[in-house]
Amino acid sequence: MKRLPPLPALHTFLVTAQCCNFTRAAQQLHITQGAVSRQIAALEQHLGYALFQRQARGLSLTREGQDWLPRAQQVFTLIEEGVRQVGNRRGTLQLKAPTCVMRWLLPRLMEWQALRPDVPVELTTTVQHGVDFKREAFAAAVVYGAVHDHGLQVRKLFDEQLTPVCAPSLLAGPVPLAQVQDLSRHMLLHPSRDEHDWQCWLRATGTKLATSALRQHFETLDMAMAMASQGTGVAIGDWSLIGDDLRSGRLCTPFGLKVATGKGYYLVCPAGPVTPGLAELLDWLEESANSQP
């Protein structure tokens, strides 16, 4: 029996098929256009036929793509109904969060479950940075970026502040890391392929490194931080998200500059009354964020 296609790629197909444009699909999914293109190509390779015709002015569905579209819609409708019905029956708080916030969120949810086992939380992680409560059966979500409070209750957790980090062993190593220009002699670890975070921080310092500088790209912040903690190179991340790593000594900051990007992390839930358990969880997470040193 042929192996089933991966659900994330199938969801990317559904969104892309509805707008027939890689750029608009990437905006809705909160991922890069390249990531959308790669997922579609991988799905087409898995299935053995093309789902889209690539044209100069956009995309159009092939006959096979047209056959897949209503089936994909039916699959995700059934999944959404199942999540809503089973979640409601269990009384578990369904929480959604992007993978980039896991380093901060997961330890706090584990602490919450130890304190309040009577209010269980089920966490769904995603590469998306937003949430659509009309289509997604979550009680609340952590979102990244700018948030519009139309129809939402919004609580700010913290602002994004970028800073380079590395293993203490790298800082004490034979290759100096005393000034920003020294970064050109170290491997730069990028938490995304667009290199935006490093560019933002370097621009704030007025520094431009040579294009030949060593670099390595990762799909998630967690992967970049894991490699940095092993002394592989210098990563960059949000100071608030990596605070636990800094306090434990797994990572250190070679430079004191933290650059605010204007974006942040927020707790959101639909407007209106919430259950006592959810209200307590949101209060607790907000207080935990505000009490960070």
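**Close-up views of a predicted model**

**Figure 1. Cys20 in the loop between H1 and H2.** Cys20 has its place in the loop that lies between helices H1 and H2, and the model in which it is seen here is a predicted one. With a relative accessibility of 22%, Cys20 counts as partly exposed, because buried would mean under 20% and exposed over 50%. The phi of Cys20 is near 50°, which is a positive value in a residue other than glycine. Most residues other than glycine have a negative phi.

**Figure 2. The chain as a whole, as a setting for the close-ups.** The chain has 10 helices and 10 strands, and its C-alpha atoms fill a box of roughly 60 × 50 × 40 Å when this is taken along the principal axes. Of the 293 residues in the chain, 45% count as buried. Where contacts join residues at least 6 apart in sequence, 75% of them are between residues at least 24 apart.

**Figure 3. The crossing of helices H1 and H2.** The axes of H1 and H2 come within 8 Å of each other and cross at roughly 125°, and the two helices are therefore oblique to each other. In this crossing, which is right-handed, H1 passes H2. On the side of H1 the meeting residues are His11, Thr12, Val15, Thr16 and Cys19, and on the side of H2 they are Phe22, Arg24, Ala25, Gln28 and Leu29.

**Figure 4. The packing of helix H1 against helix H3.** Helix H1, which spans residues 7–19, packs with helix H3, which spans residues 33–47, at an angle of about 110°, and their axes are 9 Å apart. That angle makes H1 roughly perpendicular to H3, and the crossing of the two helices is left-handed. From H1 the contact takes in Pro8, Ala9, Leu10, Thr12, Phe13 and Thr16, while from H3 it takes in Val36, Gln39, Ile40 and Leu43. The contact of H1 with H3 divides into 7 nonpolar residues, 3 polar residues and no charged ones.

**Figure 5. His30 and the residues around it.** His30 lies in the loop between helix H2, which covers residues 22–29, and H3. Its relative accessible area of 38% makes His30 partly exposed, and His30 has a positive phi of about 60° although it is not a glycine. When residues up to four places away in sequence are not counted, His30 touches Val127, Gln128, His129 and Gly130. Along the chain His30 and Leu47 are 17 residues apart, and their C-alpha atoms are separated by 25 Å.

**Figure 6. The largest nonpolar core.** The largest nonpolar core has 37 residues, and those with the most contacts inside it are Val101, Trp104, Leu105, Val142, Leu157 and Tyr265. Two or more residues are given to this core by each of the strands E3 (93–98), E5 (140–145), E6 (152–165) and E10 (259–270), and likewise by each of the helices H5 (102–115), H8 (221–229) and H10 (276–290). The largest share of this core comes from H10, which provides 6 residues. Leaving aside residues up to four places away in sequence, Val101 touches Val142, Leu241 and Tyr265. Apart from this core lies another one, of 25 residues, among them Ala9, Ala26, Ala35 and Leu47. In soluble globular proteins, nonpolar side chains tend to be buried together.

**Figure 7. Asp245 in helix H9.** Asp245 lies in helix H9, which is made of residues 243–248. With a relative accessible area of 5%, Asp245 is buried, because under 20% is the range for that term. Asp245 touches Arg103, Arg250 and Leu251, when residues up to four places away in sequence are not counted.

Key:
Residues numbered from 1 in each chain as written. Predicted model: local features only at pLDDT ≥ 70, side-chain atom pairs only at ≥ 80, totals over all residues. Heavy atoms only, no water. Axes fitted to C-alpha atoms, helices over the stretch in contact; angles between N-to-C directions. Helix = DSSP H or I, 4+ residues; strand = E, 2+ residues; numbered from the N terminus. Parallel < 35°, antiparallel > 145°, perpendicular 65-115°, else oblique. Left-handed = near helix turned anticlockwise from the far one by under 90°. Contact = heavy atoms within 4.5 Å. Nonpolar A, V, L, I, M, F, W, Y, C, P; charged D, E, K, R; others polar. Core = buried A, V, L, I, M, F, W, Y, C linked by side-chain atoms within 4.5 Å. Buried < 20%, exposed > 50% of the residue type's maximum accessible area, 1.4 Å probe, protein only.
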